[in-house]
Each structure stands twice: as C-alpha cells, then as structure tokens.
Amino acid sequence: MEQLRLAIIGGDGIGPEVTSEARKVLRAALDGTVDLVETEFALGATHYLETGDILTDETIDAIAEHDAILLGAVGGDPRDPRLAGGIIERGLLLRLRFAFDHYVNLRPTALHPAVTSPLRDPGEVDFVVVREGTEGPYVGNGGSLRTGTPHEIANETSVNTAFGVERVVRYAFDLAETRSKRLTLVHKTNVLVHAGGLWRRITDAVAAEHPDVTVDYLHVDAATIFLVDRPSRFDVIVTDNLFGDILTDLAGAIAGGIGLAASGNINPDGTFPSMFEPVHGSAPDIAGTGTADPTAAILSAALLAEHLGHADAARRIRDAVDQDVAQRPAPTTTSETGDRIVALVAAA
Ligand code: NAD
Ligand code: IPM
Ligand code: MN
C-alpha cells in the first residue's frame, strides 16, 4: 500500500481543534488505499513561549521529509507583548512558505447553494485566487529610521522579481485553461508603477501564449467592488501576496464565511512539500469554545489529497462537505461537524 507521510502543525487557538477534525476526515477518505503516517510538530505561540523556539533549521529539515503539510493556524494572544510584531506568523508560517518555495497560494472560493451569502444577490460565486506566495511586501525587506521619534520613517519594500511573477502567472493561466478560461490580473498599476508594470508586462506576454483565455485587469480597489457587486465576473484571479491576502478574506466572507475557506500553499515543482491550511487564523476569540467551523480545514485536507494524486478521496470529502452544509444543524460543534462529515465520507 502506498505510504503518505504528513507533517501536522495544529498551531494555536482553534488551529489544533479544526486540524484534528480534518485528520479524521482524511483518514476516513484514504482508508484502505493509503498508509497514512502522521507526524505532529508542536509549533506555534504556545510552543515558543514554552521553549523560546519558533522554528529551528532542524525542524524545517524534518518537515521537509514529508509528502505534505497540514496546518491549522498560528498566532497567539494579540495582547501578549512577547508575541508582538507577528513574530510567530512571520517566523513560522511565512518562513515555511519561503523555505518550501510555496510560490502559489491557491485559494478557491465557491458559494454552496445551501449556504447563505451576506450578499443579497450573489449570483454565481465560483473562482480561484492565485495569490503569489513568496514575494511582495511579505519578504520582510523594510526598516525604520529614527524609530519612536516624531520623525520616524517606516519602510516596507515590496519585492517583485520577473522570475517570481512569471512562474505564478503561468500557473494561473494553466489553471484558467482548465476552467472557464477567464483570468483577471489584480494589482494597483496606477500607483505601484514598478511592481504593477512588471506584473502587467508579464501577464500580457504569457497571455499571448494563451489566445483562448480572456484576460482582464482590475485595480485592487475596484476588484473589491466587483467581488461584492458581481462576483460572477471572476474565474481565476492572479495577484500579489498582499492583495491576495486581503481579497481572500473578502472572498471567504461572500462565500458564506471564513470558516469555509480552504487554501493550499503549493510548490508546483514538487521539490518541497506543499502545505494546506484554512484561510482563517487562530481565532483567539472563540478558541476553546468548541464552536469553530472545521470545514475550511477539512476542505484544505481535500486540496491536500488532490495534490497528492488522490482525486477520488478529495471528491468524496467535498461531496460529504456539500451534503453536510446542506443540512447542517444549528447550533453545532467543531467535533460534531467533523463526525458528521466522517460518517458521510465513510458511507460514500
Ligand atoms: P481570524 O481569521 O483568526 O479571525 C477572524 C474572525 O473570524 C474571528 O471573529 C473568528 O472568531 C472568526 N473565525 C475564524 N475562523 C473561524 C472558524 N473556523 N469558525 C468560526 N469562526 C471563525 O483572524 P484574526 O483575528 O485577524 O487573527 C487571529 C490570529 O491568527 C492572529 O495572530 C493572526 O496573525 C493569525 N492568523 C493566522 C493565520 C494562519 O495561520 N494561516 C491566518 C490568519 C490570521
Ligand atoms: C493568511 C494569513 C497570513 C498572511 C498571516 C498570518 C501572516 O493572514 O494566511 O492569510 O498574511 O498570509
Ligand atoms: Mn490572511
């Protein structure tokens, strides 16, 4: 039987709660076809406060030995001064994305017919945001001068390389070819002229190789209008790291809530393990209450299964989620939702 080695990083807050449901569902979906070997890595704010370690090189090497990573969420109590400045988010989550060259941050959004969108008349909502994952303002290439004085100057530099932009744009075009062949580049070329110009030129050049894909461009501010007014205009959105972060929380909200939004941090070359995680964070406001929706984590596990070549298991997970959201009792709990979806997967 094929063996799959999964690195599990539950993380903080609701991260471990939703990840354990996703693991149950994944085991049920792969049962009998795959020998699933799960290795837990205790990482996150809690681990850091206990040990002083965020993510050592040895741990990165150990995680690299796995076929894929399933992550919950990281980030501790925002009021804790020891965690200020996103030390965990940058030192753990972003470090993993950079170390494993997750240059495609894939964030599909679809509104299930039984789920209520906050939009009055959402129309068809079924698109994928291809968010660049290793560049932009996320590289940490900034600094501040005269810190703490009235003359402080704080800089964050957005790094955009032709190599980095081209590879993610190519991925987005290839994806558009498999869908309804519509691609929207989202940027802010009217202000961010250097980075925007590069994204634009590369998109135009790659578009010439895909004459059947309809390409359109929106400034990011206008994109937020259309996401709310007419999300049906989108199929594949390709955008930079920061715009993609913001747009995908909005996308999650219009598709019925962030508790349903899944993502994959993909290393398409397969050199490093890809990492699958909900779009949401550690939700300290509801951690420990048993009310977190594990659906985003479960759908992230479906993306993981699909990425590892188990399309049938992925389909069974998605079908089970579809059935569950169509008849989900309210109120319900994190583990009850996981149990119902496991039962549906097992029955399929
Ligand atoms: P968040 O996504 O954690 O929470 C935003 C709101 O959504 C909260 O009201 C929360 O209760 C709700 N929510 C989130 N997930 C939910 C779920 N599964 N079911 C029901 N409700 C859910 O965003 P935030 O409050 O800005 O961030 C909290 C912490 O998480 C911060 O430390 C942040 O840096 C971190 N974070 C981590 C990740 C990640 O690990 N990938 C992503 C986003 C934020
Ligand atoms: C996400 C999160 C992260 C990001 C944070 C926690 C660094 O918001 O995965 O969307 O900005 O990418
Ligand atoms: Mn985010």
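**Close-up views of a predicted model**

**View 1. D221 lies in helix 7, which covers residues 220–229.** In this predicted model, D221 counts as exposed because 12 other C-beta atoms lie within 10 Å, and a residue with 12 or fewer is classed in that way. D221 is also one of the positions that UniProt, in an unreviewed entry, lists under "binding site", together with R97, R107 and R131. These positions span 125 residues in sequence, and their farthest two C-alpha atoms are 26.3 Å apart, so they do not all gather at one spot.

**View 2. R97, another position listed by UniProt under "binding site", is found in helix 4.** With 19 other C-beta atoms within 10 Å, R97 is partly exposed. When its neighbours within four places in sequence are left aside, R97 is in contact with H102, G133, T134 and N265.

**View 3. D101 and K181 are residues other than glycine with a positive phi.** Most residues other than glycine have a negative phi. For D101 the angle is near 50°, and the residue lies in the loop that runs between helix 4 (87–99) and strand 4 (104–110); D101 counts as partly exposed, with 19 C-beta neighbours inside 10 Å. For K181 phi is near 60°, and this residue is found in the loop between helix 5 (162–178) and strand 8 (182–187), where K181 is partly exposed, with 15 other C-beta atoms within 10 Å.

**View 4. A cis peptide bond joins A330 and P331.** Omega at this bond is about 0°, whereas most peptide bonds are trans. P331 has its place in the loop between helix 10 (311–326) and helix 11 (334–347).

Key:
Residues are numbered from 1 along each chain as its sequence is written. Chains are lettered from A and ligands numbered from 1 in the order in which they are written. This is a predicted model: local features need pLDDT of at least 70, side-chain atom pairs count only at pLDDT 80 or more; totals for chains, interfaces and linings use all residues. Helices (H or I, at least four residues) and strands (E, at least two) are DSSP runs, numbered from the N terminus. A residue is buried if 20 or more other C-beta atoms lie within 10 Å of its own, exposed if 12 or fewer, and partly exposed in between; C-beta atoms are placed from the backbone. UniProt positions are given in the numbering used here, feature names are shortened, and annotations may be inferred rather than shown by experiment. Two residues are in contact if their C-beta atoms, placed from the backbone, lie within 7 Å.
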